[in-house]
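Visitor: I'm new to this one and would like to be walked through it. Could you put it up on the screen, please?

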Amino acid sequence: MLDLLAQAAQPEFARPRIDWFALSPELVLLSLGALLTLLDVVFAERAKAITSAIAGLGLVGVIIPLVAVWTRVNDGDVLYAFAEKKPGATDPVGLEHYVIDEYAIVMKILFVLVGYVVVLLSTNYVAEGDYWESEYYGLLISSILGMVVMASARDLIGIFVALELLSIPAYLLAAWRKRDKLSNEAGLKYYLMGVFASAVMLYGMSLLYGTTGSTLLVDISKAVGGRESSSIATLGIVFVAVGFAFKVSAVPFHNWAPDTYEGAPTPVTAFLAVASKTAGFVALLTLVYVGFWGRGDVYEPLMWFLAAASMTIGNLLALRQTNFVRMMAYSGVAQTGFIIAPLAVAGNGDIADAALSTTVNYLAIYAAMNLGAFGVLIALARKTRSAEISDMRGAFHYAPGLTAVMTVFLFSLAGIPPIGGWFAKFRVFSVLVQDDSVSGYLLAVVVAVNSVIALYYYASVARTMWADEAPDGDLTPVNVPPSLVAALGITVAITLVFGILPSVVGDFTDVSLLAGG
Amino acid sequence: MTEVYLNQFLILAAVLFSIGVYGVLARRNGVMVLMSIELILNSVNINLVAFSAFRGTLGGEVFALFVIAVAAAEVGVGLALVLLLYRNSKTIDFSEVDAMKG
């Protein structure tokens, strides 16, 4: 063992050159999280009034370095956070461990925006609730930091650390109402499923490392894509993919989602349903497009099955829900199926780029419409104190604005033109058809059938809100605080713009990932 | 001197992994479930270190260190959640945690 270490240590260690500019968004987020935690330690309860403002302003502040980095990578350039000077070479060579390309930066901007909207949703919920635990925003920011790191990680170790950095605070957030039994249950179920999934994923990663001798995704791609690839590598790929299938709550790994969503505080539910799921997809995309590139024979059937099962079972279970949050949980499972679907044909080199930008596009629209729907629920629950669909009846009579906005989100989720969700689903459908294979056409049929089933339960919520009478004829208006109005404004604007003017924002999600090797 | 083969480590790890998965799925006691998860994570560590030693690359050992550190954080959170459950419900039996269904 010792000689092995001595051998490996032979070349003189040189500190890699660090590109601080490329890392600036992460550093700002890190300082923001540390600042919020410190404020809590020093001022305790007295910091209550300012923490949410600092978290929100900080997240807006992170946009500045993000946009600065974006302008550098927009025209196909790639920034490497770490670079190494090889002996004899004049310029340092970028290391593939932590890469900031266009895909990474677009996902980072999405995560930070989602984080900002979640802060807006939380502000009054947290301040007015019975519970005040000041760790809330610190945990939220560290979870967002994990997601931002995930977008750039191109190494098994990096992906694992990012996954844990985003998950561990999320377990705590789900159980945040610590004297509430439902919240305990939500946190516990989320924790058990998450930890089990990451343990299985790690086992797969260890097998991948064993067969390829490297933790770097580009090296893994060269080794598993080649002819000498072994069945152990196949097992590794399946285990890693299954680990992330838990994270994105794809059937048959979705059991935790409804219970966790129902028991967790609603802003946290929105965060889990959107940000945490998107982070899982980011990891899946990176793995498929960089790490497992060339092994379409392994991941395509797997993704096909996950997509078809998630869409169908998610939608069928959503049909019989009476609680809005549970319905959204199952609808989220179905949406997961739609988002995975392009990955089932991603191995086809001609449409690989189209499949990637379709997925990124869907993720951006999904984030806006889902956050919006939860935002309306949070606003309505200020009056009704309930998430039951039956308690939302007649909302039109006392909250016409909220009802109209909710209708936009529901119809977008269902995929009715000309709202954003329609455009997203259309692109999924067209990329599946472009593959021109039996499996592609079959999955396209599943997508089409499921869009119709989904319309039924989304529309029935809208009907309840518009047509029914308000319970007990109580028509006192809902008091919607400014932060919620801002959150709803942002999400409804994005949902509509993506649908009506897709060309304006299409450029934002048109990304390409450098396929390794 | 006895020859040591990579397979021996891999089989040990696979057995530990299987016991761990069985424990997570079959055990209902909270602390036992957490211990089963630890078994899986340690099987991963054995795999990583064995592969690393036999291939002569250091990546696996570094990875194992990360796994150990993160596992500690994870179990810390897990024990806190079990403790929370015990305070509110006076039980650490996961089969009794089923207020939500559907």
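Predicted model: local features only at pLDDT ≥ 70, side-chain atom pairs only at ≥ 80, totals over all residues.

Guide: One definition first: helices here are DSSP runs of at least four residues, and they are numbered from the N terminus.

Visitor: Okay, Thr491(A) then: buried or exposed?

Guide: Thr491(A) has a relative accessibility of 2%, so it counts as buried, the cut-off for that word being under 20%.

Visitor: And what does the side chain of Thr491(A) reach?

Guide: The side chain comes to 2.9 Å from the backbone oxygen of Ala487(A), and one of its polar atoms also lies 3.0 Å from the backbone oxygen of Leu488(A).

Visitor: Which residues does Thr491(A) touch, leaving out those up to four places away in sequence?

Guide: Setting those aside, Thr491(A) touches Val117(A), Ala368(A), Leu371(A), Gly372(A) and Phe409(A).

Visitor: Switching topic, how many aromatic pairs are there over all chains?

Guide: The structure holds 19 of them over all chains. In one of these pairs, the ring centres of Tyr171(A) and Tyr191(A) are 5.2 Å apart and the planes stand at 80°, so the pair is edge-to-face.

Visitor: Where do those two tyrosines sit in the chain?

Guide: Tyr171(A) belongs to helix H6 (residues 156-174) and Tyr191(A) to helix H7 (residues 181-212), both of chain A, so that the pair links distant parts of the chain that are 20 residues apart. Tyr171(A) is buried, with a relative accessible area of 1%, and Tyr191(A) is buried too, at 2%.

Visitor: What about Phe196(A) and Phe246(A)?

Guide: Phe196(A) and Phe246(A) also form an edge-to-face pair, with 6.4 Å from centre to centre and 80° between the planes. Phe196(A) is in helix H7 and Phe246(A) is in helix H9 (residues 231-247), which puts them 50 residues apart in chain A, and both of these phenylalanines are buried.

Visitor: Which residues form an aromatic cluster with Tyr171(A)?

Guide: The cluster consists of Tyr171(A), Tyr190(A), Tyr191(A), Trp256(A) and Tyr261(A).

Visitor: Now the two chains: how many residues are in contact between chain B and chain A?

Guide: On the chain B side there are 48 residues in contact with 49 residues of chain A. Together the two chains bury about 4,000 Å², with 75% of that area on carbon and sulfur atoms.

Visitor: And how many salt bridges or polar contacts are there between them?

Guide: The count of salt bridges between chain B and chain A is zero, whereas nine residue pairs across the interface are in polar contact, with both residues at pLDDT 80 or more.

Visitor: Which elements of chain B give two or more residues to that side?

Guide: They are helix H1 (6-26), helix H2 (30-55) and helix H3 (59-89) of chain B, and H3(B) gives the most, with 19 residues. The residues on this side of chain B divide into 32 nonpolar, eleven polar and five charged.

Methods
Residues numbered from 1 in each chain as written. Chains lettered and ligands numbered in written order. Heavy atoms only, no water. Contact = heavy atoms within 4.5 Å. Buried area = accessible area lost by both parts, 1.4 Å probe. Salt bridge = Lys/Arg side-chain N within 4 Å of Asp/Glu carboxyl O. Polar contact = N/O pair within 3.5 Å; in protein donor to acceptor, adjacent residues only side chain to side chain. Nonpolar A, V, L, I, M, F, W, Y, C, P; charged D, E, K, R; others polar. Buried < 20%, exposed > 50% of the residue type's maximum accessible area, 1.4 Å probe, protein only. Phe/Tyr/Trp six-rings, centres within 6.5 Å; stacked < 30°, edge-to-face > 60°.
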